[in-house]
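Morning, everyone. I'd like to walk you through one model today, ring by ring.

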Amino acid sequence: MKRAFAAVLLCIVAMVSFADDYLEKGGFAEEEKNSYKYIFLGAVTRLNVGDTDSAMVLLERCREMNPEASETYFFLADCYRQKGQDSLKVVMMRKAAELSPGNITYKEALLPVYLENEEIDSAISVAEEIVRGTPERTDMLQLLLQIYSYKKDNAKCLETLNRLEVQDGQTEQITMTKVQLYSNMGEDKKAYNELEALVDNHPLNLNYRVMMGNWLLGKDRKKEAMAEYSAVLREDPDNEAAQMSLMDYYSSEGQGNIADTLRNRILLNPKTQQSTRLLLLKQYIRRQEQASTDSTAVLALFDKILESKQTDTQVMELKLAYMTMKRMPEDSIRTVLQQILDLRPEHAQARFELIKMAWGKGEHEEMIRLAKPALQYNPDEWAFSYFLGVGYFLNDQTKECVEALMKASEHVDEAKEKDLAVEMYELLGDAQHKLGNTKEAFEAYENCLRLDPEKIPCLNNYAYYLSEENRDLDKAAAMSLKTIKAEPNNPTYLDTYAWILYLQGRYEEAKIYMDLAVKNLKEGEEKEVYLEHQKAIDKKVAASQKQK
């Protein structure tokens, strides 16, 4: 912010100085000069604080005092820009540049105006003027290159590239652009000369020779291309670019066996860059999918690559993605996930997936084994504390469960992961109640329902535990009623509501819901508690009817 303010201040000072010179030459009296400067600075100040209307009034006054002051038009242009009056903005910008033809700032401000209005020739003229004055401005040369490319003016593009080369020296990007342009113009000899010069000037960069080979191959000069590739591989047998070019060549020539051999050589070479290996694997998978071939060959290739020591998990992750796409058995996927985790214990996603698989298989101790280390490797991922708590709860380690969930609650981001937070608070409530910590359990349930007032299992448990305490029965009844509206045939929810009604002395209603609960019990389901409740309710109903 300070730098930006300083730049604006210097700009204003420079403009006022310019105005001083002009006023001096124009024979203005000292009093008039001071008055102009005072009003001009006041206008700029108003403009900087967003008071465009006041700034325009003051700038128009400046224009009356000195109609030849370019800085007035420059700032008026900004006023019109802010008001969305683009046509007047352009008029003012052009006038400022006309009055101060040597001012680079005005010229640069005009460029986007011309480009927006598609006044391409005017934009070229201004950019060329800037470059003539400051030939080191490669940004302007790059802009000119884009404009000439847009106009498809190959000759001017080449001329601009030559000027860029003077400033930046010979580069791969400039050379290849020139080669493309010469090729478009049908001047293959000049294109070849450019590539040859690049190769000769950089003898240690073998990839330039590969580029030469690729260009020759594109011109159907196969023998010369192969000579370039061979020369590169004699000097550097592991050169990836040359090997990949050869692989593509043999593939295009219908010699798939040779191409496959080259591909496997690159893939299995420990010196191959991982980005190259992944690119080749993805291409191979794509071809296999298009050919609808069996996945066995793909998996065998992955396994062969993974026999060598891996420094990262990228190939494993690609294999995992492929296996998931092919819907491979969970045990196979699990093996790859464990390999990823063995190499990178901090890999959160692999750990999450393994924990979910262990949970699904009821492997509670495995959940604990996987989740525990995450507290060191991924301390910011509070969800691991939740999963650890789940593992402990399902493994009947309730105290440890509460400790893990309390740790999770300290770091929970309710806004970002609301659903997981709801599950965490519900489980914490169940675990606290199991330990006999009624107050803490109810606090956890309140937090759960604060985030999701319709969380049915939580509503049921909270209501039932309130009934056990014989407190807040109206609140308990309201929560329990929500559960049976959501699941009218759930015997557990019906039993809870019936028992709360019983405690409220609403015996006839309690009997209706209790009988429904017993009726909806499934074969083999534990009935003892239900029958005890039903017996107690029936006894009260009978006594009530007897009194009548």
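Start with Phe352. It is buried, with a relative accessible area of 15%; the cut-off for buried is under 20%. Keep in mind that this is a predicted model.

What does Phe352 pair with? One partner is Phe384: the ring centres are 4.2 Å apart and the planes sit at 10 degrees, so this pair is stacked. Stacked needs planes under 30 degrees apart. Now look at where the two residues come from. Phe352 is in helix H20, residues 348-360, and Phe384 is in helix H22, residues 383-394. They are 32 residues apart, so to speak of the chain, the pair links distant parts of it. Phe384 is buried too, at a relative accessible area of 0%.

Phe352 also pairs with Phe387. Here the centres are 5.8 Å apart and the planes are at 70 degrees, so the geometry is edge-to-face. Edge-to-face means over 60 degrees.

Let's step back to the whole structure. How many aromatic pairs does a search find? The count is 18. Elsewhere, ring pairs link Tyr36, Phe40, Phe74, Phe75 and Tyr106 into a cluster.

Lys434 lies over the face of Phe393, 5.0 Å from the ring centre.

Next, a loop. Find Thr313, between helix H17, residues 296-306, and helix H18, residues 314-325. Is Thr313 buried or exposed? It is buried, with a relative accessible area of 1%. Its side chain makes a polar contact of 2.6 Å with the side chain of Glu317. What else does Thr313 touch, leaving aside neighbours within four places in sequence? Thr313 is in contact with Ile340, Leu343, Arg344 and His347.

Last, confidence. The average pLDDT for the chain is 89, and 94% of the residues score at least 70. Where does pLDDT stay under 50? Over residues 1-29. For that stretch, the model has 29 contacts beyond four places in sequence.

To recap the ring story: Phe352 is stacked with Phe384 and edge-to-face with Phe387. That's my tour. Over to you.

Methods:
Residues numbered from 1 in each chain as written. Predicted model: local features only at pLDDT ≥ 70, side-chain atom pairs only at ≥ 80, totals over all residues. Heavy atoms only, no water. Phe/Tyr/Trp six-rings, centres within 6.5 Å; stacked < 30°, edge-to-face > 60°. Helix = DSSP H or I, 4+ residues; strand = E, 2+ residues; numbered from the N terminus. Buried < 20%, exposed > 50% of the residue type's maximum accessible area, 1.4 Å probe, protein only. Lys NZ or Arg CZ within 6 Å of the ring centre and 35° of its normal. pLDDT = per-residue confidence, 0-100. Contact = heavy atoms within 4.5 Å. Polar contact = N/O pair within 3.5 Å; in protein donor to acceptor, adjacent residues only side chain to side chain.
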